[in-house]
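Me: I'd like to learn how to read salt bridges in a model. Can you take me through some?

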Amino acid sequence: MIIWDLVVVGAGPAGLAAARVAAAAGVRTLVLERSTHPRYKTCGGGLIGTSLSAVAGRIEVPAHDRVDRVTFTRDGRRGFTRRHRTPLVAMVRREEFDDRLRAAAVAAGAGVREGVTVRGLDQDPDGVRVRLADGETVRARTVLGADGSSGVTSRHVGVRFRQVDLGLERELPVPPAVREHWRGRLLLDWGSVPGSYAWVFPKGDRLTVGVIAARGEGERTRDYLRRFVDRLGLSDVEAEHNSGHLTRCRAEDSPLRHGRVLVAGDAAGLLEPWSREGISYALRSGALAGEAVAGGDLERYERDVRDQLAPSMRAGHRLLEVFERRPDVFHALLATPAGWRMFVGFCQGRASFDRALTRAPVRAGLALLDRLPPMVSRPASTRPEPVTTLPR
């Protein structure tokens with residue numbers, strides 16, 4: 001029986017980043033993926049600068065748009081638009097982006113098996129036995145789990161989650177006039193459900209329209225999406241994909257490894273808590289895991305995540321707390337030059353939230369917000385519904 005140095009469970013950004021790094025270092029690597037690439041993945045598909053840096057020189061990013069304008073609204077009202085001289089976000093379709101990552105991992109020497117479902121893991125002194133649905137067993141010295149927050153590997157490691165959110169999304173095919181209207185621009189709307197927001201991401205002849213809010217607010221979240229799509233004048237467009245998923249953000253003391261099994265990306269609960277941006281965390285954590293395996297030091301992965309990713313996640317939780325309490329003030333602050341600069345820095349990967357929160361003006365502003373009473377919103381059904389004018 002072949003014993004692989006590394007078996008990666010899941011061929012998304014985290015797993016494929018790890019496979020590419022490890023295989024390029026001479027680690028005999030096999031990736032197991034339940035689906036077959038290219039496959040649809042529920043995801044906004046916005047690549048910030050941190051993600052673009054992680055794949056630079058490794059793949060050609062299949063961007064369908066590059067956004068330099070952002071419109072912000074507060075539940076459909078109080079809209080304002082800001083424009084930057086250079087692009088802020090690259091818009092990709094995950095089926096294409098992930099397939100490029102797969103090809104890069106294969107080019108580095110990794111093997112990929114698709115249409116394979118992992119049922120369980122068993123560790124022994126010789127390594128890890130990966131049990132497949134068809135009864136086959138794959139042997140590995142080390143396993144990296146990248147099969148999502150509800151996957152086999154996350155449960156095996158015992159990942160604990162501090163924050164769970166429900167995301168709902170529609171992929172809408174749009175005619176040329178609508179496509180041209182949204183070219184180079186995105187819309188972010190801060191919703192009526194505490195901590196929620198909605199988005200419009202342009203991707204050529206598609207718009208990705210979605211909302212996200214805390215789990216447990218399912219009906220209000222679905223109603224928010226319906227109202228948002230109505231405001232956009234897109235309620236009659238039949239969706240190519242109409243899907244939902246849960247995003248889970250790890251507790252800070254949650255394990256990242258159990259024995260010779262590591263987890264990265266969504267499987268580890270690694271994502272930015274306020275925006276719920278996860279692609280950059282998947283790419284970075286996967287690369288860190290691949291480097292640790294190649295170096296024969298699995299504990300290094302835990303240290304690297306603690307040092308390089310955890311501080312920004314901690315700051316993101318702080319921002320989310322403020323956003324949940326006073327989204328109106330948060331919205332107003334984004335309209336200021338300082339707020340816009342922080343948003344641009346985040347999008348372009350030039351500034352992290354943890355560094356931003358060390359600045360005296362930001363700390364003072366957050367302290368002031370802490371002293372304000374939480375905003376109480378009426379149920380959505382009792383509020384008059386405005387007609388939102390699309391950004392021009």
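Me: Which residue does Arg231 meet in a salt bridge?

Reply: A salt bridge here is a side-chain nitrogen of Lys or Arg within 4 Å of a carboxyl oxygen of Asp or Glu. Arg231 pairs with Asp75, at 3.9 Å from N to O. This is a predicted model, so to speak of local features takes pLDDT of at least 70 and side-chain atom pairs count only at pLDDT 80 or more, while totals for chains, interfaces and linings use all residues. Residues are numbered from 1 along each chain as its sequence is written, and side-chain values use heavy atoms, with hydrogens and water left out.

Me: Where in the chain do Arg231 and Asp75 sit?

Reply: Helices (H or I, at least four residues) and strands (E, at least two) are DSSP runs, numbered from the N terminus. Arg231 belongs to helix H6 (residues 218-232), and Asp75 lies in the loop between strand S5 (69-74) and strand S6 (77-83). The pair links distant parts of the chain, 156 residues apart.

Me: Is Arg231 buried or exposed?

Reply: Buried means under 20% relative accessible area, exposed over 50%, and partly exposed in between (1.4 Å probe, protein chains only). Arg231 is buried at 8%, and Asp75 is buried at 5%.

Me: What about Arg303 and Asp297?

Reply: Their closest N and O atoms are 3.0 Å apart, in a salt bridge. Arg303 is partly exposed at 33%, and so is Asp297, at 27%.

Me: Which residues do salt bridges with shared partners join into one network?

Reply: Asp75, Asp189, Glu219, Arg222, Asp223, Arg226, Arg227 and Arg231.

Me: How many salt bridges does the structure hold?

Reply: The count is 36.
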